[in-house]
Number of protein chains: 2
Amino acid sequence: MIRINESSPIPIYQQIIEGMQREILAGVFGADDRLPSIRDLAVALKVNPNTIARAYQELANTGTIYFKRGQGAYVTPKSADDLLEQARGEMEKHIIEIVAIARSMNLDRQVVRKIFDAVLDQQEVK
Amino acid sequence: MIRINESSPIPIYQQIIEGMQREILAGVFGADDRLPSIRDLAVALKVNPNTIARAYQELANTGTIYFKRGQGAYVTPKSADDLLEQARGEMEKHIIEIVAIARSMNLDRQVVRKIFDAVLDQQEVK
DNA sequence: TTTAGTGTGTTACTCTACTAATACACTAAC
DNA sequence: GTTAGTGTATTAGTAGAGTAACACACTAAA
């Protein structure tokens with residue numbers, strides 16, 4: 001179940017997007033499963049239906065879900081490759097930021113990789 | 001010389017912060033050099049003095065510059081280690097985001113490193 | 001003491017993102 | 001056709017970030 005943090009600076013609709021992505025990745029909702037209706041989820045999370053609608057709309061824009069008119073929202077069947085590609089895109093943005101910092105410091109690849117590995121260790125990435 | 005992009009979604013004060021950091025890194029302003037006065041820079045960049053003041057204030061908060069009351073703003077003398085440490089902190093934030101994505105996808109270190117290297121290649125990091 | 005230079009503080013305007021209230025339009029089942 | 005369920009569109013309110021106008025306080029030099 002998605003949990004909303006009212007006091008977070010992260011917009012509610014964004015929290016819902018991320019929560020749904022997590023649940024879909026975790027298999028709570030499988031391919032072509034129906035998501036909770038906008039109204040139901042709005043009641044459950046105690047937010048305005050428009051806020052849910054916005055989150056669903058963005059999930060639809062990125063191809064994560066699709067709508068059947070008058071019926072509801074469903075999970076787009078995606079291959080593991082599709083999901084990986086999407087994640088890769090997100091990662092790339094961060095890596096490009098890192099590259100910009102590295103450039104301004106005149107750091108070469110070796111140094112950047114060293115920092116990268118150190119943080120991976122610290123975050124206990126296997 | 002710093003260039004302001006009026007139509008950018010990045011706030012002017014932020015552009016000034018980044019611009020100043022770049023110039024300091026590039027050696028345009030060395031240790032204990034005086035920066036342009038708030039008013040002068042405001043005229044030069046055609047923005048409100050308060051906007052410059054805000055940028056300078058944040059640069060002072062992060063220890064990049066310091067003020068002499070009634071006189072002006074000066075570049076804090078910093079070791080290469082200090083600068084590297086600062087850059088490392090910025091990089092860490094991005095890497096932690098990458099880790100979060102990797103976790104949700106159940107990616108291991110090997111895969112993440114592969115993606116990382118690929119983007120470094122693509123960005124032509126030596 | 002006066003002056004011209006510095007950064008600081010207060011206040012207010014504007015713009016945008018976010019959220020909500022409410023009415024609308026489509027679909028399926030009866 | 002009616003009903004109960006879906007998502008959609010319009011409009012408005014709220015809060016916050018960003019920017020600006022302008023008066024204030026400190027410093028150094030004349």
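**View 1. The surface near DNA strand C in the predicted model comprises 9 nonpolar, 11 polar and 4 charged residues.** Ala, Val, Leu, Ile, Met, Phe, Trp, Tyr, Cys and Pro count as nonpolar, Asp, Glu, Lys and Arg as charged, and the others, Gly among them, as polar. DNA strand C is surrounded by 24 residues, the closest being Ile12(A), Asn48(A), Gly70(A), Ser37(B) and Ile38(B); a residue is near a strand if its C-beta atom, placed from the backbone, lies within 6 Å of it. Helix 3 of chain A gives the most to this surface, with 4 residues. Helices (H or I, at least four residues) are DSSP runs, numbered from the N terminus.

**View 2. Chain A meets chain B through 29 residues of chain A and 29 residues of chain B.** Contact requires C-beta atoms, placed from the backbone, within 7 Å. On the side of chain A that touches chain B, helix 4 of chain A gives the most, with 16 residues. The residues of this side divide into 18 nonpolar, 3 polar and 8 charged.

**View 3. The axes of helix 2 (residues 38-45) and helix 3 of chain A come within 8 Å and cross at roughly 120°.** The two helices of chain A are therefore oblique to each other. Helix 2 of chain A contributes Ile38(A), Arg39(A), Leu41(A) and Ala42(A) to the contact, and helix 3 of chain A contributes Pro49(A), Ile52(A), Ala53(A) and Tyr56(A).

**Notes.** Residues are numbered from 1 along each chain as its sequence is written, and chains are lettered from A in the order in which they are written. In this predicted model, local features need pLDDT of at least 70 and side-chain atom pairs count only at pLDDT 80 or more, whereas totals for chains, interfaces and linings use all residues.

Terms used:
Contact = placed C-beta atoms within 7 Å. Axes fitted to C-alpha atoms, helices over the stretch in contact; angles between N-to-C directions. Parallel < 35°, antiparallel > 145°, perpendicular 65-115°, else oblique.
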